[in-house]
Amino acid sequence: MSRPEDHLRDLRIDRRPGAARPTSNRKWIVLGAIVTVVAVGAVLMSGRPTPVDTSVARSAADAGPPTLLDASGFVTARRIATVSSKVTGRVAEVLIEEGMKVEEGQLLARLDATDASAQLELASAQQASSESQLAEARTQLALAETTLKRQQELIGRQLVAQSAFDQAKADRDARAARLASLEKAVEVARDQRALTAIGVDNTQIRAPFAGVIVAKAAQPGEMISPVSAGGGFTRTGIGTLVDMDSLEVNVDVNEAYIGRVQPKMVVNAVLNAYPDWTIPGSVIAIVPTADRTKATVKVRIALDSKDPRIVPDMGVRVSFLAPVDADAPKPTGAFVPEAAIVQPAPAAEGEEPGRPAVFVVEDGVAKRIEVTLGEEANAERHVTAGLSGGETVIVAPPKGLADGARVVAKAASGR
């Protein structure tokens, strides 16, 4: 086992001429060179800008009224229908697909109309027969009228017996009664034909209103019925139609805070699918009933935007805004992400505590600015003094970031 004295002996340099240098000295020279290279690299690296995440501070004057209450809910449609037929029948043709836009009265599907068409043909034939009988009766009545008039002239000259005149008059009256009966029969035949024509039209399923097909429920060959049939082999509808102009938002508000909500109150809605898109809206009504299991009250909200990105059953967050007072002074300062705030280090005994600060980027250099903080809302912090809005602030500043350090914004992921 080596002793410390042996290591010290190895470090001695033999100054005698021709003496060989210990190999351990060479090791120390190489180690020193490595340390020098690392130190130079560190110096060079220290000159590179630090990558940071940034965000633009929002001016408080343009931020709008404060939020009184937040709630969550879903997009719903006031006009939604499962389109079905009036009669039971076999589906012959389906003309819709999911996502298709349809107009009111547009043909969506057809049922097998063989029986209904046969009944219509029979009713048409019966109507034609009744109308031909009516034409014959009118001709016979005209002849009876002429005969009665002739008999009346002859009896005035006493050329025929009274019985002949009475017979002509009775025949005329019988013909007139038959004509009236046939006229009623023709009306019945026409009504019967119109009824069977409705039966044929019922085999054509049409859109009750304009909208978008969101579900296709039947295929050709299946049975469809307006009433539910047992066994699950009969469909009750062709598809589901939604009027996209009737979309609104339904949210559940805790009953403890429902007093803050008023009809026509201005709101901001944010869809979960599009978190950066704020949709203005207003309260339609507060449904006058509560859910005892959830202790909530439903509130209906109208959206001011009619956008195809808004679809039924989307999740949405709603912020109820305080009424705007035109005479109230506009708020000052700016809103920044809560993560951008740098809290001061704890002050030592006898020293004054420091102030919160944020780092802003100016010409690629981080600048530390002390700020005065206000209220927190929606993961943001109101800076009442120190910022005015529009500054590029550093979100979650790296530990040890100093005032005047060179920085650069990180590239977005996926670039």
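The model is predicted, so local features need pLDDT of at least 70 and side-chain atom pairs count only at pLDDT 80 or more, while totals for chains, interfaces and linings use all residues. Residues are numbered from 1 along each chain as its sequence is written, and side-chain values use heavy atoms, with hydrogens and water left out.

**Overall**

The protein chain has four helices and 24 strands; helices (H or I, at least four residues) and strands (E, at least two) are DSSP runs numbered from the N terminus. Of its 415 residues, 29% count as buried. Buried means under 20% relative accessible area, exposed over 50%, and partly exposed in between, with a 1.4 Å probe and protein chains only. The accessible surface is about 26,500 Å², and carbon and sulfur atoms hold 54% of that; the areas come from the Shrake-Rupley method with a 1.4 Å probe, and for residues only the protein chains shown count as cover. Among contacts (heavy atoms within 4.5 Å) with a separation of 6 or more, 72% join residues 24 or more positions apart.

**Nonpolar cores**

A nonpolar core is a set of buried Ala, Val, Leu, Ile, Met, Phe, Trp, Tyr and Cys residues joined through side-chain atoms within 4.5 Å. The largest one has 27 residues, and Val251, Val253, Val299, Val318 and Phe320 have the most contacts inside it. At least two residues of this core come from each of strand 3 (67-77), strand 13 (247-254), strand 14 (266-271), strand 15 (278-291), strand 16 (296-303) and strand 17 (315-321). Apart from this core lies another of 16 residues, including Val91, Leu108, Ala207 and Ile224.

Not counting residues up to four places away in sequence, Val318 touches Leu69, Asp70, Ala71, Val249, Val251, Val267, Asn268, Ala269 and Ile301.

Val261 sits in the loop between strand 13 and strand 14 and is buried, at 2% relative accessible area. With neighbours within four places left aside, Val261 is in contact with Leu69, Val253, Val283, Ile286, Val299 and Phe320. Val261 and Leu321 are 60 residues apart in sequence, and their C-alpha atoms are 9.3 Å apart.

The whole structure has one aromatic pair. Rings of Phe, Tyr and Trp (its six-membered ring) pair if their centres lie within 6.5 Å; planes under 30 degrees apart count as stacked, over 60 as edge-to-face and the rest as tilted. The pair of Tyr274 and Trp277 is edge-to-face because the ring centres are 6.0 Å apart and the planes are at 80°. Tyr274 is partly exposed, at 30% relative accessible area, whereas Trp277 is buried at 16%.

Arg309 lies over the faces of both rings. A charge sits over a ring if NZ of Lys or CZ of Arg is within 6 Å of the ring centre and within 35 degrees of the ring normal.

| Charged residue | Ring | Distance from ring centre |
|---|---|---|
| Arg309 | Tyr274 | 5.4 Å |
| Arg309 | Trp277 | 3.8 Å |

**Strand 22**

His382 lies in strand 22 (residues 380-385) and counts as buried, at 14% relative accessibility. Beyond four places in sequence, the contacts of His382 include Ala60, Thr332, Gly333 and Thr372.

Arg381 also lies in strand 22 and is buried, with a relative accessible area of 18%. Its side chain makes a polar contact with the side chain of Glu338 (3.2 Å). A polar contact is a pair of N or O atoms within 3.5 Å; within protein, one must be able to donate a hydrogen and the other to accept it, and residues adjacent in sequence count only if both atoms are side-chain atoms.
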